[in-house]
Amino acid sequence: MFNHNLQSITALIVLDNDGGRVLSKYYNDRFPSLNEKLAFEKNLFKKTSQTDFEIIACQGLTVTYKSSVDVIFYVIGSAEENELMLVNTLATFFDTVSSIVRKNVEKKSIYDKMDYIILAADELIEQGVIMEDDSENIVKRVYPKSEHEIPLTEQSVSQVIQQAK
């Protein structure tokens, strides 16, 4: 009998270059306590800091990851999960974060925009189910542009005059 479970993501994690937690969202109770989560993250960092691969197996899970300046992004699924789907989810989250922090994907800028990034993670994944795969749609929903960010050609005359003041 085939198990029809839509949940495909176990966790979404962002760690710094020292293995410290920047952001983590767990979508099941495989690691029920905080100590178990921190131990898993420490082990995860240890394994991924020693390799240049994008996909590894860790504690019976499939882990996809991508590093940027001083942070590492992880999307984690079960051992049976489709690796391409996990890589695509990771790319969507990374592109979304990159748009929110204006291509400056580093720890400080992530902390500065953490509220928007958490909203983006929630738009991307709901209880382990992937809800969206287009980073532009996620950014539009969670990070509204101010009048100063709207291109001049798309602004009304009153907006341009207000901006000039």
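This is a predicted model: local features need pLDDT of at least 70, side-chain atom pairs count only at pLDDT 80 or more; totals for chains, interfaces and linings use all residues.
Residues are numbered from 1 along each chain as its sequence is written, and side-chain values use heavy atoms, with hydrogens and water left out.

**Strand 3 and its partner**

- Strand 3 runs antiparallel to strand 4 (residues 61-67), and four bridges join them; strands pair here if DSSP finds at least two bridges between them.

- D70 sits in the loop between strand 4 and strand 5 (71-78).
- Its relative accessible area is 24%, so D70 is partly exposed (buried means under 20% relative accessible area, exposed over 50%, partly exposed in between, with a 1.4 Å probe and protein chains only).
- Leaving aside neighbours within four places in sequence, D70 is in contact with L15, D16, N17, E106 and K107 (contact means heavy atoms within 4.5 Å).
- D70 and L15 are 55 residues apart in sequence, yet their C-alpha atoms are 8.6 Å apart in space.

**Helix 2 against helix 4**

- The axes of helix 2 (residues 83-100) and helix 4 (residues 114-124) come within 10 Å and cross at roughly 150 degrees (axes are lines fitted to C-alpha atoms, for helices over the stretch in contact, with angles from 0 to 180 degrees between N-to-C directions).
- That angle makes helix 2 roughly antiparallel to helix 4, a label given to angles over 145 degrees.
- From helix 2, T89, T92, F93, T96, V97 and I100 meet Y116, I117, A120, A121 and L124 of helix 4.
- The residues of this contact divide into eight nonpolar, three polar and no charged (Ala, Val, Leu, Ile, Met, Phe, Trp, Tyr, Cys and Pro count as nonpolar, Asp, Glu, Lys and Arg as charged, and the others, Gly among them, as polar).

**The whole chain**

- The protein has six helices and seven strands, taken as DSSP runs (H or I, at least four residues, for helices; E, at least two, for strands) numbered from the N terminus.
- Of the 165 residues, 40% count as buried.
- Among contacts between residues at least 6 apart in sequence, 51% join residues at least 24 apart.

How values were computed
Angles under 35 degrees count as roughly parallel, over 145 as roughly antiparallel, 65 to 115 as roughly perpendicular and the rest as oblique.
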